[in-house]
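Welcome, and please open the model in your viewer. Keep the selection tool at hand and follow the stops in order.

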Amino acid sequence: MNRSILKLAIPNIISNITIPLLGLVDMILMGHLSSPVYIGAIALGGTIFSVLYSFFSFLRAGTTGFTAQSYGANDISEVSYSLYRSTIIAIIAFLLILCMQKPIANLSLILLDGSDEVKDLAITYFFVRIWAAPANMLLYCLNGWFIGMQNTKIPMAIAIIINVLNIVFSIFFVVVMHQDVTGVALGTVIAQYCGLATAIIFIFTKYKRYIIKINTRILLDIKKLKKFFVVNTDLMIRSILLVLTIAFFTNQSARLGDNVLSINMILLQFFYIFSYFTDGFAYAGEALVGKFVGARDEKNLRSVVMHLFKWGAYICVPFAILYALFPTPFVKLISDQPVIIEQIQPYYIYMVLIPIITFAAFLWDGIYIGATASKAIRNTMIISSILVFLPMWYFLMPIYGNHGLWIAFLSFMLARGISMTFFAKKNILQLPNNQ
């Protein structure tokens, strides 16, 4: 089981490491410009896309779950139709996004807090990066399908290509062409389409036999479509609440001033670094749990859950120690502005707590998604965001300021891990009732 997990997890870890690396490079490029507003601008601009794409991130998770279960059940036809159904939704999604880009931008200006300069730069970033939406939506489907097929090497290759090219193009546009947020956004757009082209090449070379002629009757089968939309609607609600919580955290940070916004966005980079690393094992959980659920193999299902949490424990301790021992050198990699380095120090404790508090939630996410236990993952997110995070924020932030905001956020992540553990016996370990 450990070999099976590592075979899937290691490529995911390698590809995921490039994601926070990209975020770090963007922060570094902006952090070494003349003002903190550039960090705030790409933070707010990135928040717009995080919220926007959260409505459609179910395309990757849902595709993985359905594909893995079809793969485990050896249902070759349904493996293909899992990709076809999600691709149709992706096309509708990106056409809607492109048509609605101006209203989305106007709504974002109303909802986001920050100085006028930060908001103006964030919207500039938005109108450039929005043209990556078609590639982004389709890559959700393709990467989810590859993972469901128990292949994480291809998503690894795609992620490395996208993020390396993104870094190269961003450096070129910002350093050589002397652009600011526009250069970072343009680098993202070009890199996303390069990644999409790579994914399509893999489909037609390695998985050509799954590109079967579409049978409209099978594609539009009412029973399968109903299950597809029910599961994906639950996953969409879960994703929206997750990203809205992070977006709300970002927005509240902006209300505390540009410096606090920059400080919290820097600290969130360390949250993302750990999350992407742990997500390597979560994605392995999606693929293996889905396969065992599809094969009705309860023994191996229980085994993979147990082994995943052992790996989670092995990961979180070294991260907490590294964050505790070297906080300032890590921060200086992102920003060399003295005021930021001085003001961030009281918040180092949250860097240390992030790995310990969050690893269970990340792992359970993958397990629940692989089992398509969508109702449970939706309900645990409602509990954690609405019943834990918001009350904690409401009572603590007015008293403790930014410390209260961080306590509320970490309480949200802790509640996710605890609630999913509580619901696991019924929804995971005895095989989901919806299978």
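## First stop: a buried isoleucine

Select Ile130, which is buried, with a relative accessible area of 0% (buried means under 20% relative accessible area, exposed over 50%, and partly exposed in between, with a 1.4 Å probe and protein chains only). Residue numbers start from 1 along each chain as its sequence is written, and side-chain values use heavy atoms, with hydrogens and water left out. The model is predicted: local features need pLDDT of at least 70, side-chain atom pairs count only at pLDDT 80 or more, and totals for chains, interfaces and linings use all residues.

Ile130 sits in the loop between α6 (116–129) and α7. The helix names come from DSSP runs numbered from the N terminus (H or I, at least four residues, for helices; E, at least two, for strands). Now show what surrounds Ile130: setting aside neighbours within four places in sequence, Ile130 is in contact with Phe49, Leu52, Ile97, Leu98 and Gln101, where contact means heavy atoms within 4.5 Å. Ile130 and Glu298 are 168 residues apart in sequence, and their C-alpha atoms are 43 Å apart in space.

## Second stop: the loop between α7 and α8

Move on to Asn151, in the loop between α7 (133–148) and α8 (153–176). Is Asn151 buried or exposed? Asn151 has a relative accessible area of 11%, so this residue counts as buried.

One runs from the side chain of Asn151 to the backbone nitrogen of Lys153, at 3.0 Å. The other is a polar contact of 3.0 Å between the side chains of Asn151 and Tyr207. A polar contact is a pair of N or O atoms within 3.5 Å; within protein, one must be able to donate a hydrogen and the other to accept it, and residues adjacent in sequence count only if both atoms are side-chain atoms. Not counting residues up to four places away in sequence, Asn151 touches Leu8, Phe146, Lys206 and Tyr207.

Next, click on Gln150, which is found in the loop between α7 and α8. Gln150 has a positive phi of about 65 degrees although it is not a glycine. Gln150 is buried too, with a relative accessible area of 16%.

Select α8 and helix α9 (residues 181–206), which pack at an angle of about 155 degrees with their axes 8 Å apart. That makes α8 roughly antiparallel to α9. Axes are lines fitted to C-alpha atoms, for helices over the stretch in contact, and angles run from 0 to 180 degrees between N-to-C directions. Angles under 35 degrees count as roughly parallel, over 145 as roughly antiparallel, 65 to 115 as roughly perpendicular and the rest as oblique.

The residues of the contact of α8 with α9 divide into 16 nonpolar, 8 polar and 1 charged. Here Ala, Val, Leu, Ile, Met, Phe, Trp, Tyr, Cys and Pro count as nonpolar, Asp, Glu, Lys and Arg as charged, and the others, Gly among them, as polar.

Now pick helix α16 (residues 348–370) and helix α18 (residues 402–429), whose axes are 9 Å apart at an angle of about 30 degrees. The two helices, α16 and α18, are therefore roughly parallel to each other. Their contact has 19 nonpolar, 5 polar and 2 charged residues.

Zoom in on Ala361 in helix α16. Ala361 is buried, at 0% relative accessible area. The C-alpha atoms of Ala361 and Gly417 are separated by 4.1 Å, although these residues are 56 residues apart along the chain.

From there, go to Arg416 in helix α18. Arg416 counts as buried at 3% relative accessibility. Leaving aside neighbours within four places in sequence, Arg416 is in contact with Arg238, Leu242, Ala361, Asp365, Met381 and Ser384.

Finish with helix α3 (residues 58–72) and helix α12 (residues 258–294), whose axes come within 6 Å and cross at roughly 40 degrees. α3 and α12 are therefore oblique to each other. Among the residues making this contact are Arg60 and Thr64 of α3 and Tyr283 and Glu286 of α12.

Then select Asn74, in the loop between α3 and α4 (76–99). Asn74 has a positive phi of about 60 degrees although it is not a glycine. At 60% relative accessibility, Asn74 counts as exposed.
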